[in-house]
Amino acid sequence: MTTSLYVGRRLSFEGSLCTVRYTGSLAGTKGEWLGVEWDDPSRGKHDGKHKDEQVFTCLSSSSTPASFIRPSRKPDAEQTLLEAIKSKYGGDSTNNSSNTEIVIISGKVAQEVGFDKIAQQQAELAELRIVLVDQLVVNGIASRGASSSTIAKAQAELSTSCPNITELDISYNTIENWQDVADICSALPKLRTLRAGGSRFRTFGHDIQPSPFAHIKELHLEDCLLSSNQIVGLLRDLSGFPHLTQLFLSANQLSILFNAQTEDLPCISSLKSLVLENNSFRDLDCLIIAVAVFPNIESLSLQANKICDIGPAVVAHKHIFPQITTLNLSHNLIPAFSFIDYLPKLLPNLSSLRITNNPIFLPSEPSSTTDSRSSDKHYFLTLARLPTLKTLNYTSITPRDREEGEIYFLSVVEKDLKAHLLKAEARAQLIAKVEQLYPRYEALCKKYSRESVVEQLLSSDPSSEVLRAIEATKLLYPVGSIAARLVKGIFYIPNTAIRNKSEAKVELQIPDTIPVTRLLSILLRQPGLQAYLKPMQFKLIYESKELDPVDTTAESTTRSAVYSKTLTAEEKQTLWREWGDWDADTLVEERLNEQESTTSADTEAEHWTEDGQFCIKEGRRWKRRETEIPHALKRGWGDWLDGAKEVRIRIEPFDPLV
């Protein structure tokens with residue numbers, strides 16, 4: 001067998017690319033064989049087995065990518081990059097007779113090719129900006145196995161012939177080593193976009209300094225079947241891409257991004273966009289290492305993977321990636337809206353999302369007709385969950401779209417909650433999980449001044465088993481949740497207003513966000529109060545725990561009078577004379593006398609009067625600081641409280657029963 005056929009060699013037969021995976025004999029056959037893996041799996045017959053023996057393994061996950069062929073089979077002829085460019089863009093000058101000239105030399109007729117045509121072709125090559133030589137059996141910048149001097153000569157010729165190439169596509173050719181790619185790029189100083197998809201690289205790394213990739217901004221390596229170890233090698237070489245902004249690694253059968261520790265990988269800060277479409281990722285845990293290697297990434301495409309979950313590592317460590325603003329998750333396996341509900345926590349600055357063709361958006365029952373209203377519902381339910389989103393499935397979100405979507409979301413959530421809240425045994429658990437099930441529900445209720453379903457339930461029956469069940473669960477309620485906003489209130493009518501020996505009172509637990517008018521209607525329905533109240537014929541007085549003095553002594557009256565604006569001239573002169581007689585020794589003596597009299601006297605213990613209106617303390621009467629809660633329409637009754645979770649509210653009827 002010829003030594004030019006080795007494992008890893010790229011060949012092309014009748015336009016079909018393959019890679020040699022085995023050379024040698026096969027049991028039960030004569031002669032030598034080549035085991036090849038076809039780039040197109042449909043071309044093969046097996047996965048490298050011969051008579052149930054695994055002769056070689058393939059990179060492809062397909063069951064039929066391999067075949068055995070004889071080494072004597074002639075492959076397609078290879079060509080260098082410049083030869084491929086000339087054959088595609090330069091034309092064949094020898095077959096063009098329009099610019100030929102008949103020359104007679106020594107009586108013989110000779111045909112001379114028109115030099116003006118050659119000059120024109122060279123000028124056309126020099127003007128090329130975008131060059132596409134994919135699937136043209138290109139093996140590199142020079143012939144396979146060429147010496148370093150031959151490669152240098154080919155580089156100089158390519159640089160002279162095509163100095164202005166900015167985008168080059170060498171995909172699906174017979175290039176085997178990353179060194180061959182580096183040799184090409186070093187000859188094209190204006191190259192910005194390189195497409196080398198469909199290659200089967202045996203090695204990464206190069207020996208060219210300075211880096212031949214310093215000017216590359218966009219790199220495509222789709223369908224190269226790169227292993228994680230190869231990608232790590234590529235990343236180390238990508239440190240020579242200081243201006244790389246876009247990297248395409250689609251269709252590489254990746255289920256993990258990099259099989260290495262983060263500290264072993266370089267940091268490529270220039271990259272802004274990463275495309276990982278048509279791989280095998282199942283969750284978003286890949287973001288952790290992706291952001292570690294590409295800290296400034298803004299756009300990520302995971303289209304056509306197998307994503308069905310946020311990812312255990314992301315959730316457990318509560319990772320946040322504020323730099324990512326664009327995400328493509330279309331054609332995955334996302335099963336429920338809970339996935340979308342988590343995205344604002346994971347990507348707080350997400351502005352553009354694609355999420356079509358996921359199970360969550362598929363109709364539950366097949367229909368022969370397309371229901372546009374169904375797609376609109378999914379559109380609204382998605383945008384309502386993502387407050388920072390500006391573009392959804394390539395459609396700009398207008399202010400009207402957002403308003404309609406969020407209001408529709410509220411109606412859907414309320415319908416669902418009402419259906420579940422009818423089951424008494426599940427009420428407490430559901431109320432405690434509202435924040436988890438619908439993270440944006442409470443915020444949207446507040447935004448549109450709507451009373452949540454849970455608040456309606458609690459306010460309509462504040463003493464129900466719901467509250468008792470909530471207290472029994474002993475849960476720690478998150479800030480902003482319904483349970484965290486419950487206020488325990490004692491609402492009472494003084495006995496002086498109802499000619500009763502004892503006051504009428506009820507004890508309720510109500511969210512502090514419900515409107516005052518709603519609170520009034522709740523009080524009217526309470527059995528202990530409704531006999532004494534008429535609609536809109538009473539007011540509410542909040543009695544704070546802070547105490548204000550009621551009785552004033554002569555001394556306090558004198559002190560307050562000093563600052564009064566209504567003092568007469570005679571009073572002002574008297575105070576002036578008293579101030580002039582003051583000295584520090586007299587003040588100290590008076591203070592000592594006051595302390596002595598206080599300690600020697602039997603201080604009266606603090607207690608409240610029978611009607612509960614006054615507190616007797618230090619021989620003086622004190623009264624709770626009072627605040628009237630007005631009959632506001634939209635403001636919550638908690639706006640007039642001082643943040644206390646247990647309050648006392650006095651009800652004063654306008655027409656007391658005396």
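1. The buried residues of helix H6 are Cys286, Leu287, Ile289, Ala290, Val291 and Val293, and the model in which they are found is a predicted one. Since 6 of the 8 residues of H6 (residues 286-293) are buried, this helix is largely enclosed by the rest of the structure. Among the elements that cover those buried residues are helix H5 (228-238), strand S16 (273-275), strand S17 (299-301) and helix H8 (337-346).

2. Helix H5, one of the elements covering H6, also holds asparagine 229. Asparagine 229 has a relative accessible area of 57%, and because exposed means over 50%, this residue counts as exposed.

3. Helix H1 (residues 81-90) and helix H3 (residues 148-161) have axes that come within 10 Å and cross at roughly 30°. Angles under 35 degrees count as roughly parallel, and H1 and H3 are therefore roughly parallel to each other. On the H1 side the contact is made by Leu81, Leu82, Ile85 and Lys86, and on the H3 side by Glu157, Leu158 and Ser161. Sorted by class, the contact of H1 with H3 has 4 nonpolar, 1 polar and 2 charged residues.

4. Another antiparallel pairing is that of strand S3 (residues 33-38) with S6, which extends over 4 bridges and in which glutamate 37 stands opposite alanine 66 in S6. In a regular strand the side chains alternate between the two faces of the sheet. In strand S6 (residues 66-69), Ala66 and Phe68 point one way while Ser67 and Ile69 point the other way, and all of these residues are buried.

5. Some backbone values deserve a separate check. Most residues other than glycine have a negative phi, and most peptide bonds are trans. The peptide bond from glutamine 209 to proline 210, however, is cis, with omega near -5°, and proline 210 is found in the loop between strand S13 (193-195) and strand S14 (218-220).

6. Positive phi values are found at two lysines, near 55° for lysine 51 and near 50° for lysine 318. Lysine 51 belongs to the loop between strand S4 (49-50) and strand S5 (53-54), and at 62% relative accessibility this residue counts as exposed. Lysine 318 has its place in the loop between helix H7 (312-316) and strand S18 (326-328), and with a relative accessibility of 67% lysine 318 likewise counts as exposed.

Methods:
Residues numbered from 1 in each chain as written. Predicted model: local features only at pLDDT ≥ 70, side-chain atom pairs only at ≥ 80, totals over all residues. Heavy atoms only, no water. Axes fitted to C-alpha atoms, helices over the stretch in contact; angles between N-to-C directions. Helix = DSSP H or I, 4+ residues; strand = E, 2+ residues; numbered from the N terminus. Parallel < 35°, antiparallel > 145°, perpendicular 65-115°, else oblique. Contact = heavy atoms within 4.5 Å. Nonpolar A, V, L, I, M, F, W, Y, C, P; charged D, E, K, R; others polar. Buried < 20%, exposed > 50% of the residue type's maximum accessible area, 1.4 Å probe, protein only. Pairing = 2+ DSSP bridges.
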